Amino acid sequence: MHTKTELLELLRAGGIRLSKRLGQHYLVDPNVCRKLVNLCELSSEDTVIEIGAGLGALTDLLAERAKRVVAVEVDRAISEHLTRRLAPLSTVEVLCQDILEFPWPLYRGSKVVGAIPYHITSPILVNLCEQARDIPMAWLGIQHEVARRLCAAPGSKAYGRLTVLVQYRFAVSRLARIPRSAFFPQPAVDSAWVRLVAHPSPPVAVDDEALLFDV
C-alpha cells in the first residue's frame, strides 16, 4: 500500500487528479489497513470482490489471504496504475467498472470487501441487498453515521428505510471505528467498518417484497 507521501508522489508522477465527483478518499494508514483485513473472516478458498480498490491499500493484504481477488475500480487512470502494479500477482484481477453495474451472479458466493465512496454509499448498499442471494458476507468501510443507521433499533431516531432494507437481507455488526486521519484526502467525518452476513431467509415474513421496498 502507499503512505500519504508515496501517494502524493505517485499522483504527481502519473499526472493523476483525484475527483470530488467520485468521492475519492484513499486509506494511507498501514496499521488501520491491516486491522480491517484482519477483521474479515477470509480463507484461502475465498474469492473476494473488492469495491473501490483505488490504489490497492487493501488489495495486497486481501491477496495474501484469499484464493482470488477481483479489484473493482471505476477511475480509469487509477485502474490502469493498479493493474500495472499488481501484474505480478496472478490471483488478482483488476476491473475498471462501475460497481453498480457489476455482474454479481457471475461471481455467486464471493465475499465482498471495500471502503466504499461516501457519495454512493446508499446506492451500493441497495445494490448489495438486491444481490444478497449471491453474496454471503461483506465487510465495508462506511460513514460512521450510516453505520449507526444500519445498526439502529426500531423506534430510534436513526431507524429508517436503509435500516429496514439492509436488516431484512443481512445481519449487521459494527466492528471498528476508522478515524478520518487514516484517509487522504481526509474526509470531514470518521468511518466505521461493518460486517454484513446474509440471512438464510428473511427474519420476518413478507408476502410482497416489492411493495415493502416501495413503501
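**View 1. The start of helix α2, where D29 reaches over to N31.** Here a side-chain oxygen of D29 comes to within 3.0 Å of the backbone nitrogen of N31. That is a polar contact, meaning a pair of N or O atoms within 3.5 Å; within protein, one must be able to donate a hydrogen and the other to accept it, and residues adjacent in sequence count only if both atoms are side-chain atoms. Keep in mind that this is a predicted model, where local features need pLDDT of at least 70, side-chain atom pairs count only at pLDDT 80 or more, and totals for chains, interfaces and linings use all residues. Residues are numbered from 1 along each chain as its sequence is written, and side-chain values use heavy atoms, with hydrogens and water left out.

**View 2. The buried residues of helix α2.** Helices (H or I, at least four residues) and strands (E, at least two) are DSSP runs, numbered from the N terminus.

**View 3. Strand β9 and its antiparallel partners, β6 and β7.** Two strands pair if DSSP finds at least two bridges between them. Eight bridges tie β9 to β7 (residues 170–178), with R174 bridged to V194.

**View 4. Strand β5 and its parallel partners, β2 and β6.** Four of the five residues of β5 (residues 111–115) are buried. Three bridges link it to β2 (residues 47–51), where I49 sits opposite V112. Strand β5 also has four bridges to β6, and A115 faces G141 there.

**View 5. Helix α7 and what covers it.** Within residues 161–169, the buried set is L162, T163, L165, V166, Y168 and R169. Their cover includes α5 (121–130), α6 (144–150), β7, β9 and α8 (209–214).

**View 6. D75, in the loop between β3 and α4.** The loop runs between β3 (68–73) and α4 (76–85). D75 has a relative accessible area of 12%, so it counts as buried. Its side chain reaches the backbone nitrogen of A77 at 3.0 Å.

**View 7. An aromatic cluster of F102, W104 and Y107.** Rings of Phe, Tyr and Trp (its six-membered ring) pair if their centres lie within 6.5 Å; planes under 30 degrees apart count as stacked, over 60 as edge-to-face and the rest as tilted. The whole structure holds two aromatic pairs. F102 and W104 make an edge-to-face pair, 4.7 Å centre to centre with 65 degrees between the planes. Both F102 and W104 are buried.

**View 8. Stepping back to the protein chain, with its eight helices and nine strands.** Of its 215 residues, 47% are buried. Among contacts (heavy atoms within 4.5 Å) between residues at least 6 apart in sequence, 66% join residues at least 24 apart.

Methods:
Buried means under 20% relative accessible area, exposed over 50%, partly exposed in between (1.4 Å probe, protein chains only).
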